[in-house]
Amino acid sequence: MARYTGPMTKKSRRLGVDLVGGDQAFERRPYPPGQHGRGRIKESEYLLQLREKQKARISYGILERQFHNYYVEASRRAGKTGDNLLQLLECRLDNVVYRAGFARTRRHARQLVVHGHFKVNGKKVDIPSFQVTAHDVIDVREKSLEMTPFIVARETHGERVVPAWLEALPTRMRILVHQLPVRAQIDIPVQEQLIVEYYSKK
């Protein structure tokens, strides 16, 4: 599936939030690009809702149609639609690999998954959008263990906090999914209720 491959700093500046994490270029200029970037823009209710949707969509590296499909699935499930939406996004295999500290960014995690370096419950999975479930075991394939990205991941493990719903075992390059995440465990600067309001008007 196609995906955005352009500069993330430009998107971060447009939306006013660091979508990558540790983006020094964004920290130097945390205002929208262009000659009117520092000018005040009247922020309508629609603009605020659209901005939150774009933050979530771009953070997880998803195109519009797929993101809308996630919203539809979230609205079918019991509970709060916004919480369900973020849970679906967090349970993507590429995001789990990123959250466990086995990749520098979600883009990097997506690439590693697409190249077939991971097994879920003993079966090779190369689909970034694969949904992990509680008690899944994710391993780096034996052939891939000595590749540079995974050597670096082992050496730098601990620099990023692993969320409580996951457990990373860097010595074995294994990820244990203890449970599905709840909203309090999802660290992303998004107001999901505004996303729900955005789609409910369509």
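## The sheet around β5

In this predicted model, Ile 138 stands opposite Ile 175 in β5, and Asp 139 stands opposite Arg 174 in that strand. Helices (H or I, at least four residues) and strands (E, at least two) are DSSP runs, numbered from the N terminus, and two strands are said to pair if DSSP finds at least two bridges between them. By that rule strand β3 (residues 137-140) and β5 pair in the antiparallel sense over three bridges, while strand β4 (residues 166-169) and β5 pair, also antiparallel, over four bridges. Within β5, Leu 176 is the bridge partner of Glu 167. Four residues lie between the strands in the hairpin of β4 and β5, where Met 173 takes a positive phi near 50 degrees.

The sheet is an open one of five strands in the order β2-β1-β3-β5-β4, with antiparallel pairing. Because β2 (123-124) and β4 stand at the edges, each with a single partner strand, one side of each is left without a neighbour in the sheet. Strand β5 (residues 174-177) has a covered face, formed by Ile 175 and Val 177, and an uncovered one, formed by Arg 174 and Leu 176.

## Basis of the values

Residues are numbered from 1 along each chain as its sequence is written. Because the model is predicted, local features need pLDDT of at least 70 and side-chain atom pairs count only at pLDDT 80 or more, whereas totals for chains, interfaces and linings use all residues; side-chain values use heavy atoms, with hydrogens and water left out.

## Helices α5 and α9

Helix α5 (81-90) is mostly covered, since nine of its ten residues are buried, where buried means under 20% relative accessible area, exposed over 50%, and partly exposed in between (1.4 Å probe, protein chains only). The buried residues of α5 pack against α4, α6, α7 (106-114) and α9.

In helix α9 (residues 192-200), the buried residues are Glu 192, Leu 194, Ile 195, Val 196, Tyr 198 and Tyr 199, and they pack against α3 (45-59), α4 (64-76) and α5.

## Aromatic pairs

Rings of Phe, Tyr and Trp (its six-membered ring) pair if their centres lie within 6.5 Å, and planes under 30 degrees apart count as stacked, over 60 as edge-to-face and the rest as tilted. By this rule the count comes to five aromatic pairs. The rings of Tyr 71 and Tyr 199 have their centres 4.7 Å apart and their planes at 25 degrees, so this pair is stacked. The pair links distant parts of the chain, with Tyr 71 in helix α4 and Tyr 199 in helix α9, 128 residues apart. Tyr 71 is buried at a relative accessible area of 12%, and Tyr 199 counts as buried at 6% relative accessibility.

Phe 118 and Phe 150 form an edge-to-face pair, 5.7 Å centre to centre with 80 degrees between the planes. Ring pairs also link Tyr 46, Phe 67, Tyr 71, Tyr 198 and Tyr 199 into a cluster.

Arg 99 lies in helix α6 (residues 93-99) and is buried, with a relative accessible area of 12%. Leaving aside neighbours within four places in sequence, the residues in contact with Arg 99 (heavy atoms within 4.5 Å) include Tyr 60, Glu 90, Arg 106 and Asp 187. The side chain of Arg 99 reaches the backbone oxygen of Asp 187 at 3.3 Å.

Key. Polar contact = N/O pair within 3.5 Å; in protein donor to acceptor, adjacent residues only side chain to side chain.
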